[in-house]
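Hi,

Here is the structure I promised to pass on to you.

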Amino acid sequence: MSENNIFEYVIEKRNELADELYSFWDNQKREMFEYINQQDKKLSDDLYSFFETQKKELQAKFYTQIEMQKQADLEYVDYRIQDLSEKLEKQWNTEREFGPIREFFSRAARAGKRSVVILGTPEHSNIGDHAISCGEKTFFETQFPENPLLMLSWRTAWKYESYLTDHIQKDDLICIQGGGFLGSLWEEEQQNVTRALVRFQDNPVVILPQTYWSGEGSNDNRIVEFAKAMADCRKLLVCLREKDSLERFCKRFQGIQTMLVPDMTFCIHTNLKMERNNTALLCMRADKEKVFDQDQAVKDYLESLQYQIRNISTMADEEVIPSELSELYVWRKMEEFASGKLIVTDWLHGLIFAALTKTPCIAFNNLSGKVEAIYQWVRECEQIVFVKDMKEFKDALGKINLTPGKVVLPDQKFDELTAYIRELR
């Protein structure tokens with residue numbers, strides 16, 4: 001091979017190799033760019049997916065935080081509103097309670113007359129006790145209209161005890177609500193009486209007509225403290241509403257001035273004219289003072305005589321009766337009693353409501369015997385009969401005057417108490 005041919009061969013091979021190399025690197029570059037583009041797209045997709053996921057997670061987290069903060073803010077606002085509402089309600093209740101007390105002493109100071117303050121007026125559901133309170137109000141407003149009258153529950157009295165102590169004058173008359181809680185039967189009420197006597201021992205004090213009952217343990221510390229509190233009073237009168245209570249009290253507490261006075265409910269005068277039907281109203285106890293346990297037998301016997309039976313109570317459905325609603329509850333209960341042809345009861349105020357509404361009544365006794373004792377005040381009434389058992393009950397039904405008529409009430413029996421209060425110095 002000539003030199004020229006060798007040279008041409010080399011040039012040809014070089015060009016072929018150059019073409020192959022160029023083609024190889026061109027393919028490598030293209031594949032590289034494709035790979036890079038693929039990786040770039042994949043990275044972009046991954047980054048987009050990552051950031052989208054992060055964005056959603058942040059949005060969800062942020063939304064949750066906002067919702068939690070919103071809920072917390074709402075709860076705080078609710079709390080502040082409730083707190084403010086409770087404070088305003090408390091302030092309003094305080095003003096509602098305290099405002100009349102403050103105004104009373106302001107008027108009393110201007111009047112220059114002896115004030116009468118009755119402590120222990122009821123707020124509970126016993127409408128009989130509210131009737132006593134209404135009777136006391138009627139008594140003082142009728143007999144002593146010139147003397148300012150303030151009536152307070154134990155709760156209110158002790159709540160504003162310091163204010164009362166500062167504003168009650170030494171010659172003001174302190175009265176203790178009448179009822180059936182002197183002695184060992186109703187301990188909390190008895191303790192309130194003792195506390196009042198200690199607090200106002202320098203004032204003239206009248207315990208309005210009460211039942212005194214001393215069961216077992218009547219020499220316990222509460223009764224001893226009560227005896228001492230009475231002995232320390234400058235001027236004290238204890239009114240008992242039955243002879244048995246008077247005898248028990250005088251036997252237990254010598255040297256204490258007492259007076260026999262009817263239940264203050266008798267001071268309420270009504271003239272109800274209700275339409276009566278052939279209904280026997282059963283007003284029977286269900287508490288610890290109950291001793292007659294044949295309620296069903298009474299009901300069965302009345303039904304055998306063709307009476308329609310309706311159970312009623314001197315207890316309200318509500319646990320609390322505000323003092324300003326006492327007269328309303330008492331009046332409604334009187335209307336209920338006046339609607340019956342006959343009342344059968346072992347409640348003291350069941351008997352008294354029957355007498356006040358001129359409704360025929362057969363009464364059984366209670367634990368302390370106060371029903372029988374109170375009956376003595378109205379025993380002249382033909383429409384009211386006291387019995388001890390079922391035999392006497394059946395006999396009474398055959399003899400009782402079922403025609404509503406005039407009932408002889410013990411009005412004049414309050415004259416001695418009226419005279420005593422007028423003569424106080």
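Before the notes on the sheet, one convention: two strands count as paired if DSSP finds at least two bridges between them. Please also keep in mind that this is a predicted model.

With that cut-off, strands β11 (residues 361-363) and β12 are paired, because three bridges join them and at least two are needed. The two strands run parallel, and Cys361 stands opposite Ile384 in β12.

This pair belongs to an open sheet of five strands with parallel pairing, in the order β9-β8-β10-β11-β12. At the edges stand β9 (308-311) and β12 (384-386); each has a single partner strand, so one side of each is left without a neighbour in the sheet. On average, neighbouring strands here are turned by 20° against each other, direction ignored. Helix α10 (residues 348-356) lies across β10 (342-345), β11 and β12, and runs at about 160° to β10.

As for Leu417, its contacts beyond four places in sequence include Phe139 and Val206, along with Leu208, Leu237, Cys239, Met259 and Val261. In soluble globular proteins, nonpolar side chains tend to be buried together.

Two single residues may also interest you.

Is Ile321 buried or exposed? With a relative accessible area of 0%, Ile321 is buried, although its place is in the loop between β9 and α9 (326-338). Leaving aside neighbours within four places in sequence, Ile321 is in contact with Pro122, Glu123, His124, Ser125, Ile127, His130, Ala316 and Tyr329. Asp171 is 150 residues from Ile321 along the chain, and their C-alpha atoms are separated by 31 Å.

The other is Glu97, in helix α1 (residues 3-111). Why does Glu97 count as buried? Its relative accessibility is 13%, and buried means under 20%, so Glu97 falls on the buried side. Glu97 and Thr156 are 59 residues apart in sequence, yet 7.5 Å apart in space, C-alpha to C-alpha. Thr156 is also one of the contacts of Glu97 beyond four places in sequence, together with Arg155, Lys159 and Tyr160.

Best wishes

Definitions and conventions
Residues numbered from 1 in each chain as written. Predicted model: local features only at pLDDT ≥ 70, side-chain atom pairs only at ≥ 80, totals over all residues. Heavy atoms only, no water. Helix = DSSP H or I, 4+ residues; strand = E, 2+ residues; numbered from the N terminus. Buried < 20%, exposed > 50% of the residue type's maximum accessible area, 1.4 Å probe, protein only. Contact = heavy atoms within 4.5 Å. Axes fitted to C-alpha atoms, helices over the stretch in contact; angles between N-to-C directions.
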